[in-house]
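Open the model in your viewer and keep the selection tool at hand. The stops below say what to select next and what is there.

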Amino acid sequence: MFLKYAIIAFIIGGLFGFVTDYKTAVKASSFMAFIGSLAVLGETYKVYTNGPQRVDLFGVSLNITGLSNIFLLIIGLVGIATSLYAISYMDIFENKGKGWVYAIAYNTFLASMVLIVTVDGMEYFVIGWELMTLSSFILVFSSEKARDVGVSVKYYITMHFFDTIPLFLALGTTYSLVGSFEKLTFGNIHVALATAPESTKIVLYGLFLLAFMTKAGIVPFHFWVAETYRAAPSSVSAIIAGAMEKVAIYGLIALIWRLIGDSSTLGLLIAVLGAITLTVGTLYALRETNAKRLLAYHSIGQMGYIWLGIGIGMALIPKGGTLAQVGALGAFAGVFHAFNHAIFKSSLFLSAGAVEYRTGTFNLNELGGLGKYMKWTALAALFSSLAIAGIPPFNGFISKWLIYVAGYQSKSFILAVGAVLAAFISAATLASFVKFYGAQFGGEMKKYATVKEVPVGMLAGQWILAGLTLVIGIFPKLVTPILNEPFSAPLTDNIYKIGFGSVLFSPVLFVVLFGVLALGLYLSFKPEYGKTAKPWDCGSTELDTDEYRITAEGYYLKYEEKIGSFYRFGDWFYSLGEEIIHYIVRAYIWVASYFVKIVDTPYTDVESLSDLRKEQLLYIDEETFKPLIRLLRIVRDILPGLRLGTFVVLALIVVGAIIGILMVL
């Protein structure tokens, strides 16, 4: 019942787009999205307390399992925070107008993700997936800047080429197994696959893996991530990173692992892809000076951690015995990190958006000293930065630590190396967020002396998530029963400790000991406050005091030079992906220009997407029926001047032609 209320709220939120006033449309639709997200959380609690639910939603069959419930929890939490935040934040796009576009696309985006993780049929899964892609594409270019529109188009074409096509091919493959759309439920597909040829399973593995790797930004299909996250409004970036990427994780588990079946080899491949991705994404984030691009690369890196954990589970559970228990721990840890990542990464994007809201920039080289004027935003960013870096007692530490434990105990050299690499990369993550936080909130800059804290709604959105990083870090038992339900990992968890076997960690004890140590240091050194001194300027009289600082690009310059060959290779690989998308776009323009020439003249010059937007397009279905439309228009024009006999003759000719065509067909 809660899920029905959620979808109704999203529909009403979309309908508010028809209000002509921009602010009214955006604020009302965002509020309804907030109500819908609350209802999603209500459904999560209902399923947790009463078990899996089967729901008929306007004729569509939904099956809300324990796995679905995890992702409903993620979508609900992220939706609540971003919707509250967007009520004030989206004011910065008021000069663009088109509140109706945002209202419809934003609510459709949330509703489509809810449907994807709950539908019980392959055809509805694909429809929901396409709605998610289309609505996110529309939201990405809200600024309508030429660069951002180009980014959004490349994102959409990338998703069509690497997402939609594979999923439609998978839909056709599963249809051939079941033989009917009415019977195309996941249960029927799973039964049919049990007796299907191995080649069919391999084809489905490949198609699904390509689609979910692309949507999750797994290397080498990560080339769309950085610019897409940069271009989108920060509230939208938070949903894409916090929720949309997790829908790909749902697909990985529900369709590849559960639907097709266990495969240790595929699990090992997924773990390796995860280890490569967490390395590449994090090292690229380390050199970024744009706050949103830095966060985007860290989304790539953190998705690598998640894939590593799930890959450990897929690789070890089929082996049975103790290894199966270790595998279950790895899968649980991967999903736990997906949940934690949704919280701290969404919070970080909202913090970056708050800085943009007050300063107008994401460029870390131009920022500084904001901690003095935006204290609550700075503290929320600090909490989330410590969480993503895996610093206890924040939530990111526990899920990362459990991934390490599973990898170390896997008795697999490859998985153990992946776990060691993940632990090392956490240090690079911490270094990156020292820059992210310090460049924005550290030091002093006179030019930002008039900056004020953001509105209450934006702060509430940040703190709903930032507060959870600490609460869940100290009391993981609040969420572990929900997250562990699909895996039954032999987890030792209570209010005081969490772990596996004899490897345990007590967040509560850590907080107590750390608090006592901090208090002891404070009393021992007794820091003095209130004293200020001007920095020494070496006698200079012309240098602005705002320049007395290390810019973001100077933080790890020497380190970047040391691994320059890695970046050069990665840049080449990235440019290769860009070239592939470029030629796909060119192919699209070439096909589309044909239909422009049909409408206009054979000499229409179409070289870019901008040229297409200036012309009238004719679609394939229009071209098919164009001769008939022309005939009807001619009849419409000459009919008033015809006598009855002439009209009868023409009517007989038309009817005879139609009958003749039908007989030939």
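## First stop: two helices

Select α5 and α8: α5 passes α8 in a left-handed crossing. A crossing is left-handed if the near helix is turned anticlockwise from the far one by less than a right angle, and right-handed if clockwise. Helices here are DSSP runs of H or I with at least four residues, strands are runs of E with at least two, and both are numbered from the N terminus.

This is a predicted model, in which local features need pLDDT of at least 70 and side-chain atom pairs count only at pLDDT 80 or more, while totals for chains, interfaces and linings use all residues. Residues are numbered from 1 along each chain as its sequence is written, and side-chain values use heavy atoms, with hydrogens and water left out.

Helix α5 covers residues 122-140 and helix α8 covers residues 198-216; their axes come within 14 Å and cross at roughly 25°. Axes are lines fitted to C-alpha atoms, for helices over the stretch in contact, and angles run from 0 to 180 degrees between N-to-C directions. The two helices, α5 and α8, are therefore roughly parallel to each other. Angles under 35 degrees count as roughly parallel, over 145 as roughly antiparallel, 65 to 115 as roughly perpendicular and the rest as oblique.

Which residues of α5 and α8 meet? Show M122, F125, W129, M132 and T133 in α5, then F208, F212 and K215 in α8. By class, this contact of α5 with α8 has 6 nonpolar, 1 polar and 1 charged residues. Nonpolar covers Ala, Val, Leu, Ile, Met, Phe, Trp, Tyr, Cys and Pro; charged covers Asp, Glu, Lys and Arg; the others, Gly among them, are polar. Contact means heavy atoms within 4.5 Å.

Select T133 in helix α5. Is T133 buried or exposed? At 1% relative accessibility, T133 counts as buried. Buried means under 20% relative accessible area, exposed over 50%, and partly exposed in between, with a 1.4 Å probe and protein chains only. Not counting residues up to four places away in sequence, T133 touches Y155, Y156, M159 and K215.

Next select F208 in helix α8. F208 has a relative accessible area of 0% and is buried. Leaving aside neighbours within four places in sequence, F208 is in contact with M122, L167, A170, L255, I256, L259 and I260. Draw a distance from the C-alpha of F208 to that of G251: the two residues are 43 apart in sequence and 7.9 Å apart in space.

Then go to F186, which is in helix α7 (residues 186-194). F186 is buried too, with a relative accessible area of 14%. Its contacts beyond four places in sequence include M122, F125, L255 and L259.

Select helix α12 (residues 291-316) together with α15. Their axes are 10 Å apart and the helices pack at an angle of about 40°. This makes α12 and α15 oblique to each other, and α12 passes α15 in a left-handed crossing. Show Q302, Y305, L308, G309 and I312 in α12, which meet K400, I403, Y404, A406 and G407 in α15. This contact of α12 with α15 has 6 nonpolar, 3 polar and 1 charged residues.

## Backbone details

Most residues other than glycine have a negative phi, and most peptide bonds are trans. The next stops are exceptions.

- Select V219 and P220: the peptide bond from V219 to P220 is cis, with omega near 10°. P220 lies in the loop between α8 and α9 (225-231).
- Select P392 and P393, which are joined by a cis peptide bond with omega about 10°. P393 is in the loop between α14 (375-388) and α15 (395-408).
- Select F58, which is not a glycine but has a positive phi of about 50°. F58 sits in the loop between β1 (53-57) and β2 (60-64), and counts as exposed at 57% relative accessibility.
- Select S488, also not a glycine, with a positive phi of about 55°. The loop between α18 (480-484) and β3 (492-493) holds S488, which is exposed, with a relative accessible area of 57%.

## The whole chain

Finally, select everything. The protein chain has 24 helices and 5 strands. Of its 665 residues, 55% count as buried.
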